[in-house]
Amino acid sequence: MGHHERAVGTEAAPAEPPPRSRARTALGAALVLVILTAAGLAMRLPLDDFRYTTGLSGTPGTFTAARCHTVGSGRSSSRTCTGTYVAAHGGFTARTAQMDDGRIEPGRPVRVQREADGSYVRPLTSGALEDVAGAFLITSVTAFLLLGVCVSSPRVVVEGDAPLRANPRPWRMALSVLLTLSIGGGVAGALAFAAGFVMVLTGH
């Protein structure tokens, strides 16, 4: 009986990961948190704009430019128009409204959405597609960065021509999903941007 107790008492405890491995895991988790936080903040820009370019948010109305002027030159130039905004359902008029849009002609009313911060945007398909393209590209870059964090893990096999199935199941699934999002998001973003560019040329 005593011999059995001594044997139980001397059983080896589960080996703990070395401090260097724990530090590397903590660093990887911190990088993932930073990447996801930055992606969330960046994603707000196209998603917020999408609500206005599709007319889902904002106050609909018309903007009539009284005058327009160009600032800068070449590719860095921008065209600003000053005029009057009239809400579609009445009750609000801004006589010193400004818009940055090179396609606005003075004296010709255009449909716009007034944003919460007092700026204006035209609800055009081209603008919505540009926002969609931005969201896809942010997703692609985020997935690529997370893929880099996964690949840096010592538990992931990426040497030579090792296939994804050579990795443990959780890592294999993560790599597969991130790789799909990275490539698919990039392709979808490029297609949406190209479609938006075509819409700009056609005035939609």
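This is a predicted model: local features need pLDDT of at least 70, side-chain atom pairs count only at pLDDT 80 or more; totals for chains, interfaces and linings use all residues.
**Entry 1: the main core**

I looked up the nonpolar cores to begin with. The largest one has 12 residues. I listed them as Phe 63, Ala 65, Cys 81, Tyr 85, Ala 87, Ala 94, Ala 97, Met 99, Ile 104, Val 110, Val 112 and Tyr 120.

I then found a second, separate core of 8 residues. Ile 35, Ala 143, Leu 146 and Cys 150 are among them.

**Entry 2: Ala 94**

Leaving out residues up to four places away in sequence, Ala 94 touches Gly 83, Thr 84, Tyr 85 and Tyr 120.

**Entry 3: the aromatic rings**

How many aromatic pairs does the structure hold? I found 2. For Tyr 85 and Phe 92, the ring centres are 6.0 Å apart and the planes stand at 55 degrees, so I wrote this pair down as tilted. I also checked burial: Tyr 85 has 0% relative accessibility and counts as buried, while Phe 92, at 33%, counts as partly exposed.

For Tyr 85 and Tyr 120, the centres are 4.9 Å apart and the planes are at 45 degrees, so this pair is tilted too. Tyr 85 belongs to strand β2 and Tyr 120 to strand β5, so the pair ties together parts that are 35 residues apart in sequence. Tyr 120 is buried, its relative accessible area being 12%. I recorded Tyr 85, Phe 92 and Tyr 120 as a cluster linked by ring pairs.

**Entry 4: Pro 123**

Where does Pro 123 lie? I placed it in the loop between β5 (120-121) and α3 (125-151). Is Pro 123 buried or exposed? Its relative accessible area is 14%, and because buried means under 20%, Pro 123 is buried.

I looked up its contacts last. Not counting residues up to four places away in sequence, Pro 123 touches Tyr 52, Thr 53, Gly 55, Arg 111, Val 112 and Gln 113. Gln 113 is 10 residues from Pro 123 along the chain, and their C-alpha atoms are separated by 6.7 Å.

Notes
Residues are numbered from 1 along each chain as its sequence is written. Side-chain values use heavy atoms; hydrogens and water are left out. A nonpolar core is a set of buried Ala, Val, Leu, Ile, Met, Phe, Trp, Tyr and Cys residues joined through side-chain atoms within 4.5 Å. Buried means under 20% relative accessible area, exposed over 50%, partly exposed in between (1.4 Å probe, protein chains only). Contact means heavy atoms within 4.5 Å. Helices (H or I, at least four residues) and strands (E, at least two) are DSSP runs, numbered from the N terminus. Rings of Phe, Tyr and Trp (its six-membered ring) pair if their centres lie within 6.5 Å; planes under 30 degrees apart count as stacked, over 60 as edge-to-face and the rest as tilted.
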